[in-house]
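Have the viewer open as you read.

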Amino acid sequence: MLIDTHCHLDEYSEEELKLVLEHMKDHIMIVSGVNDRTNHFVVDLCNRYDHIYGVIGIHPEEVDYVSEDHFIYMESMLNHPKIVGIGEIGLDYHYTKDNIESQKEIFIKQIELAQKYHKTVVVHSRDAIQDTYDIIKKYDNLQFVLHAYSGSVEMAKQLIQLGVKIGIGGVVTFKNASKLKEVVETLPMSHFILETDSPYLTPEPYRGKKNEPYYVRFVAEKIAEIKKMSVEQVMYETSKNAIQTFSLPIDVEYLKERKM
Ligand code: NI
């Protein structure tokens with residue numbers, strides 16, 4: 001069984017979504033929100049489909065549009081049994097550094113919500129890894145995931161010492177992704193979970209087309225190649241990690257019996 005631990009399903013047409021869900025019928029998706037609208041959409045999907053879990057949050061690119069109401073709604077959603085984390089939240093200095101202080105403030109505010117509701121935190125970090133690390137480090141009782149990791153081996157080693165899980169996505173299949181391949185090669189399997197970030201970051205051989213959660217299998221295949229393991233073993237280990245990271249109500253032993 002595959003677990004795509006990070007995808008966005010709000011950018012598909014109705015027909016596309018039907019296919020996306022059908023392709024994943026024997027697998028699990030953790031769908032991510034980024035703002036108030038998509039957080040509501042995530043909860044709606046969780047209610048409608050057995051194989052969907054969700055995380056909700058305010059993305060750093062959304063901090064200028066956030067209102068107090070959005071946090072009140074978020075808090076009410078956190079009691080939902082299928083909302084397994086807060087995300088994606090974090091810091092993004094790529095497009096602007098003008099609102100760094102409000103990005104940090106909203107990131108921390110949501111980490112504290114995760115603490116209150118015992119949720120896993122799914123972190124987005126772009127051009128901001130050191131500040132992200134400095135904040136994460138202060139919360140050693142919380143489970144963090146660094147989604148779509150793109151940093152160095154050294155930083156990955158520091159993160160896993162804090163117990164952070166590393167989300168590996170389609171980028172690992174790209175020819176020029178030597179840094180990420182080195183991360184996969186160097187670190188033990190127990191720190192990795194799989195993701196697609198659909199509809200973005202489509203892996204080879206479909207790079208350039210619209211991504212979908214089922215393509216997480218190409219990520220698993222690439223990791224198997226790098227680690228010189230079977231794809232089945234990669235799927236088993238990463239699914240087991242995902243179940244533990246998000247406390248999903250799935251029996252780990254059951255994974256062995258499931259056809260991949
Ligand atoms: Ni994302």
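## The largest pocket

The largest pocket holds about 770 Å³ of space. A pocket here is an open set of points on a 1 Å grid over the protein atoms alone, where a 1.4 Å probe fits, with protein on both sides within 12 Å along at least five of seven lines; lining residues have an atom within 4 Å of a point. Volume is the space filled by probe spheres set on the points, which are joined across faces, edges and corners.

Its lining counts 33 residues, with Glu88, His124, Arg126, His147 and Asp197 closest to the centre. Helix H2 (36-48), strand E4 (83-92), strand E5 (120-126) and helix H7 (178-186) each give two or more residues to that lining, and E5 has the largest share, three residues. By type, the lining splits into 11 nonpolar, 10 polar and 12 charged residues.

## The second largest pocket

This one has a volume of about 160 Å³. Its 13 lining residues include Val84, His118, Thr120, Phe246 and Ser247, which lie nearest the centre. E4 and helix H9 (231-245) each supply at least two of the lining residues.

## Helix H9

H9 runs for 15 residues and reaches 21 Å from first C-alpha to last. Its buried residues (under 20% relative accessible area, 1.4 Å probe, protein chains only) include Val234, Met235, Tyr236 and Glu237. Just after H9, Ser247 takes a positive phi of about 45°.

## About the model

The model is predicted: local features need pLDDT of at least 70, side-chain atom pairs count only at pLDDT 80 or more, and totals for chains, interfaces and linings use all residues. Residues are numbered from 1 along each chain as its sequence is written, and side-chain values use heavy atoms, leaving out hydrogens and water.

Note on methods: Helices (H or I, at least four residues) and strands (E, at least two) are DSSP runs, numbered from the N terminus. Ala, Val, Leu, Ile, Met, Phe, Trp, Tyr, Cys and Pro count as nonpolar, Asp, Glu, Lys and Arg as charged, and the others, Gly among them, as polar. The expected span of a helix is 1.5 Å times one less than its number of residues. Buried means under 20% relative accessible area, exposed over 50%, partly exposed in between (1.4 Å probe, protein chains only).
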